[in-house]
Amino acid sequence: MELGNQLLQYLLSGLSTGAIYALIGIGFSIIYNATGIINFAQGEFVMLGGMLTLFLMETLKLPLWAAIPLAVLLATLVGLLFERLAIRPLRKASPISLVIITIGGSILIRGLSMLIWDKDTHALPPFSSEEPIMIAGATVLPQHFWILGITVVLIGLNKWFFSHTISGKAMRACSYNPRAAGLVGIDVRRMVLLSFVISAAMGSLAGIIVAPLTMTSYDVGVMLGLKGFCAAIIGGMSSGIPTVIGGLILGVLESLGAGLISSGYKDAIAFVILLLILFIRPQGLFGKPESERV
Amino acid sequence: MLELQGITQIFGGVTALNDVSFSIHADQITGVIGPNGAGKTTLFNIVTGIYQQTRGQVIFEGSDISGIPVERLAAKGMVRTFQNIELFGQMTVLENVMVGLHSKSKSGLFACSFKAPWAITEERRIREEAHEWLRFVGIEQLADVQASNLPFGKGRMLEIARAMACKPRLILMDEPAAGLNSQETVGLAELIRKIRDLGVTVVLVEHDMELVMDICDRIVVLNLGQKLAEGTPREIQDNPEVIAAYLGDDE
């Protein structure tokens, strides 16, 4: 295979994994913007998406199209319960305690999943045929198109929600100025709950669409969560386009690194980028330096 | 309308307010004045639920509102503005007001997520209403400007528009004239009267005596955490105790 074809191949597969990172990263950002905490249980919602879909298909014999929405619903319910049981009772706690609670929550969800299901790696069937499509010498699986398509739709919906619905605006208002938001009658706690609901839904859907390609198991959430976090950091914790670009950059660099250097370095690349960004541009690749934060 | 009964606030060993009682009458503009440190802002913070008073009751339209979560106050018909304007900086002027209309929005947690068509028509109605409030305070031409780029005076107008969008029956303004130039202050006085004429009760804490004497129907004077006097602007101006508190005693 020529280098040009090879590069195209890496680029295409990098874009689709990057899209997944973007969706997970947006989940991180939405919760961060509403609460000021990094929810390290975000990866577990991703895992739950894939594992629940599998469970529903195998145990209840549901077809894929029925299992997916049900799995998203269940994972979202877990997100909602997580906020109600682990975050809300401690809203007065400092952000760092809450962050540690999310780590605890993530370990709990992962442990329970391992006990309920198993430690094996499972594959979800692809959404349509497994016949690869050739594009200018690169082979692309139809699942890649599903991933890109669903990501575009989700990001579009997300954008529309935050800029065009009154609840979306209210959520943004909470993140800019919670005190003023409360005074104009916005229930800040309800917005925090809503942020967990949206993040869990997006995360689980990301976990479902990627599962046919990368397989799923009780512990996929750790790595996917960290990659999503990395995307959000590159995007400056924006719940919009910057994080999407962050995810895509990460996915493509990872895929190029794995292909051209060694696949052993795949994960290392993401974390080197994460560290570089945190050292050099903690405000994100596109953000302005923070001058004042009252 | 609003009754304060025996409000006492103790911070550590400091008594910021000591047994302060007075009532605010509906459809009037009431000014709360007093030298620095008199406890005016503390009083506002208690009424709007930011502080929890050590003793005493705040009765709003017949019910005790002590300890009510702040976001429920707007729904009950009480809003406030801040001395250092609190806006949603990264949103447009129009969006700031639209958010103020949120508490009247019928789209709940799930309605907004799943009943998109409802949300769209509602959004249109809210947008129009927000424009009306911007027109009311006279900054409609700035609707699409990002709020953080507004000059201070316009920001204050926006904060008032956003507060009015909650359709309050009582609006509390913390030093609305602070940071305004004289021309803007004249505009503010006119606006406050317009608000009262809509049937909204106004309470303001203010240092600008000219403004207070000009627009207030009644004035409450605080000094050192206690109520010193209460009456019409005329009465307050002639009250020897008030004069002493402001200008210092002869002795």
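Let me begin with a term: a helix, as I use it today, is a DSSP run of H or I covering at least four residues, and helices are numbered from the N terminus. The model before us is a predicted one.

With that term in hand, consider one residue of chain A. A:Ala67 sits in helix H3, which comprises residues 64–87 of chain A. Is A:Ala67 buried or exposed? A residue counts as buried when 20 or more other C-beta atoms lie within 10 Å of its own. A:Ala67 has 21 other C-beta atoms within 10 Å, and therefore it is buried. Leaving aside residues up to four places away in sequence, A:Ala67 touches A:Thr53, A:Leu56, A:Met57 and A:Leu62. A:Arg84, by contrast, lies 17 residues from A:Ala67 in sequence, and their C-alpha atoms are 25 Å apart in space.

I turn now to the record for chain A. An unreviewed UniProt entry annotates several spans of chain A as "transmembrane region", including residues 12–32, 62–82 and 268–286. What does the model show over two of these spans? Residues 12–32 of chain A are 100% helix and 0% strand, with end C-alpha atoms 30 Å apart. Residues 268–286 of chain A are 68% helix and 0% strand, and there the end C-alpha atoms lie 23 Å apart.

Finally, let us look at a helix of chain B. Helix H7 of chain B runs over residues 182–197 and has 16 residues. At 1.5 Å a residue, H7(B) should span 22 Å, and because its end C-alpha atoms are 23 Å apart, the two values agree. Which residues of H7(B) are buried? They are B:Leu188, B:Leu191, B:Ile192 and B:Ile195. These four cover an arc of only 105° around the axis, so they lie on the same side of H7(B). On the other side of H7(B), the exposed residues are B:Ser182, B:Gln183, B:Glu190 and B:Asp197. Just after H7(B) comes B:Gly199, which adopts a positive phi of about 90°.

Key
Residues numbered from 1 in each chain as written. Chains lettered and ligands numbered in written order. Predicted model: local features only at pLDDT ≥ 70, side-chain atom pairs only at ≥ 80, totals over all residues. Helix = DSSP H or I, 4+ residues; strand = E, 2+ residues; numbered from the N terminus. Buried ≥ 20, exposed ≤ 12 C-beta atoms within 10 Å, placed from the backbone. Contact = placed C-beta atoms within 7 Å. Expected span 1.5 Å × (residues − 1). Arc of directions from axis to C-beta. UniProt positions renumbered as here; feature names shortened; annotations may be inferred.
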